Amino acid sequence: MISLGQDEIAKYPFLAEAGQYLNDKGFTLEQFATDPDLKIIVDKAYERIESAAEGKIYNLKTDNSSDKDIILPLNVFSFLIAIVLLKLSGLNTLINRFSLAEARRAEKFLERDLVSDSNKTSEEFAIKIFRDVFSITIKKAGDYFVIPISDYLQHAVNFHELEWKLVNRHVENGMVFLTPHESARLIRKELGGYIGTKIRAANTPPMSKGFEDKVHKLSNLAKKFVVDTVVSTEIPPCIEHAIEALNKGENLSHSGRFMLATFLLGRGQTVDEIAPLFKNAPDYNEKITRYQIKQVAGETGGNRTKYACPSCEKIKSNDLCFATPDCDNIINPMQFGKKRL
Amino acid sequence: MLENNLKFLEETFKQYYFDHFDLIRVPDRSTEREYGYKKFNSGMSRHISLKTDKDLHLLLMTNLPSDVFCSNGYYSFPNLPMTEKDWKEADLIFDIDAKDLNLPCRKDHTCIKCTSCGEVSLLQDVCPKCKSNKLDRLSLPCQNCISGVKKEVLNLVKILTTDLRIDDKNIRISFSGNEGFHLHVTNSSYNQLGSKERGDLIDYIMFRRAIPERFGFKKNNPSRSSFPDLDDPGWSGRVAKDLFGSKSKRSKGITKIISDGYPVYRQRLEEMGKNSIGVKIDPNVTVDIHRIFRLEGSLNSKSGLAKLACENIEKFNPYTEACLIGDEPVEISANSPIEFRLKNRGFGPYTNEKISVPKYAAAYMLCKGIANLA
């Protein structure tokens, strides 16, 4: 594991071993629950979760913000106690939001460390995080950082914006060129995942009286994020197009047929309802069609895999996308017409 | 397929395999691969594991397959069902097929076969005999198409070796046995990629979904200096060459692009991917990390030609070099409205004629479905 100085641990508190850190500083968890002098840390921890839940990046405010000896440990303690509160609450929505917000906070530091020409140690440390935590080798090349294409792809496929597609990147000699900002952005999701996994793997401490009030407040906070949705019966333009093509007796590609079948199965239609759609296809054979739909539905076949409708990304790649404004940036046709109440 | 045609093709294929054991070898790391085969008139058998060349030869002799395949993927347990195989990695594979090039010559060497009455005729929308619109399209040999595919292959190799930095020693090119070429990349840093990542690599190679910002055109304030230059590496350079042709025309070209506006440029980039600089690979092949891919040295039942590695693709002539079935005379009744050449010999056109042709041509026409044994 990476060895951490006081500065680094404040920027990247999730890299610390929590119990070890408390021990080293001479504290026990019980003290935080009972000692009135430490109550401020529990308050800060709650604020930290609250701002994460609202999608903000936590910025510690104190009365004496210039004092490094206070601010750095406070940053770390508030993070550690926040995790204790989250574990006690057991609320997954909050853990997810907190992980993402902490990832974005760390991302800001990573980016700053990567550009800091004056501070070689910070830069090396940031590069080390890429290597040790995410197994990505990044190297400096002028104002840019370069990373191997295969590493880049494994992270960039999580983004839906076209600018992250490899075709829209400066690629040279097996390497992708990224600005410090882009380098840090590239691992945000994994950073969030990493923090989330660490939180989930941590032991849940026994409830202390001093934490009860805050944990209760967290339950109320989480209620805000329960979303009700309603699914309409409308069908997206790609599916409409596929049905039209079949009705006209045009040949729909294998991927088009797969998309159509998985979509309709996903909307709850049965093999009997779907099979007749294909009867105008130039190569229609009822027995084969039914067999294939059953395969896709997971009703037959060796491993009974039920296939899901492909993503919009995949559908675009197969030239089957006919997006309209109604699609409203969905990433899978199944989401079409799904509205938040 | 008619019983006697089937018997003839099985015997012919068996004879080929028996005579050419030297061409049919299991690839490296054979025990980690999945094999599969098809028989004439029946479905696919897969999830087969083979250790040595001898195991493979035994499979060919006992099962009389019409087509033989081997996985690009490597597994701990290749003979178990897919979910239990334990996928380790997969070679990067590419298929470039003449049909995806859609060259203008295509209509001249494509005929149709009616799935209702079996009539073979020149390309048209309905069967001239029974008016059915359920038709299979059959494409016959065309040197122009082969040259077109070769050009695509060379473009692909260029991108793989420069942009993607794949060592050309790890790229194997082979004729697919019908009307395309396969590329097989082993031992590269891309072997670990899943199919989603390969999807992005495919868009890169096909130059799909490029945005104007990347190629110099910022929506609100385009700056002349950020447009690509002919010497730029990767797509920038290729885009510049396609847009401007030469360095001297760059400045004028940029002025025109800016005055035409952002949407026109975006459209232009999209068309460049489709019609000029994008490499026309079959995306469904490359994205698949569990594919069983035609085995080198085996025959293709769409043609009776062999999938064969080519050392020098530019000189390779598939219709002579991959045509490896014997030439003893065979009596067939052929119905081919189009003329074609195999082994430097012209055949057809035939209208339901009884003829005697060399075995390789008989096998070819039977595989294409334009002849029956007499």
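Residues are numbered from 1 along each chain as its sequence is written, and chains are lettered from A in the order in which they are written. Because the model is predicted, local features need pLDDT of at least 70 and side-chain atom pairs count only at pLDDT 80 or more, while totals for chains, interfaces and linings use all residues.

**Confidence**

The model scores ipTM 0.93 and pTM 0.84. The per-chain values are in terms of pLDDT, the predictor's confidence in each residue, from 0 to 100.

| Chain | Average pLDDT | Residues scoring at least 70 |
|---|---|---|
| Chain A | 87 | 93% |
| Chain B | 95 | 100% |

Within chain A, confidence is lowest in strand S5 (residues 229-231), with a mean of 61, and highest in strand S4 (residues 175-178), at 97. Where pLDDT is low, the predicted coordinates should not be read in detail.

**Layout of the chains**

Chain A is divided into domain 1 (6-106 + 192-223) and domain 2 (237-340), with bounds from an automatic or database domain assignment. The C-alpha centres of these two domains of chain A lie 46 Å apart.

Chain B has 11 helices and 18 strands; helices (H or I, at least four residues) and strands (E, at least two) are DSSP runs, numbered from the N terminus. Its C-alpha atoms fill a box of roughly 70 × 50 × 35 Å along the principal axes. Of its 374 residues, 42% count as buried, meaning that 20 or more other C-beta atoms, placed from the backbone, lie within 10 Å of the residue's own.

**Nonpolar cores**

A nonpolar core is a set of buried Ala, Val, Leu, Ile, Met, Phe, Trp, Tyr and Cys residues joined through C-beta atoms within 7 Å. The largest one has 125 residues, and A:Ile147, B:Leu156, B:Ala362 and B:Met365 have the most contacts inside it. Helix H11 (residues 359-368) of chain B gives the largest share of this core, eight residues. A second, separate core of 30 residues includes A:Ile49, A:Val76, A:Ile83 and A:Leu94.

**Contact between the chains**

How values were computed
A residue is buried if 20 or more other C-beta atoms lie within 10 Å of its own, exposed if 12 or fewer, and partly exposed in between; C-beta atoms are placed from the backbone.
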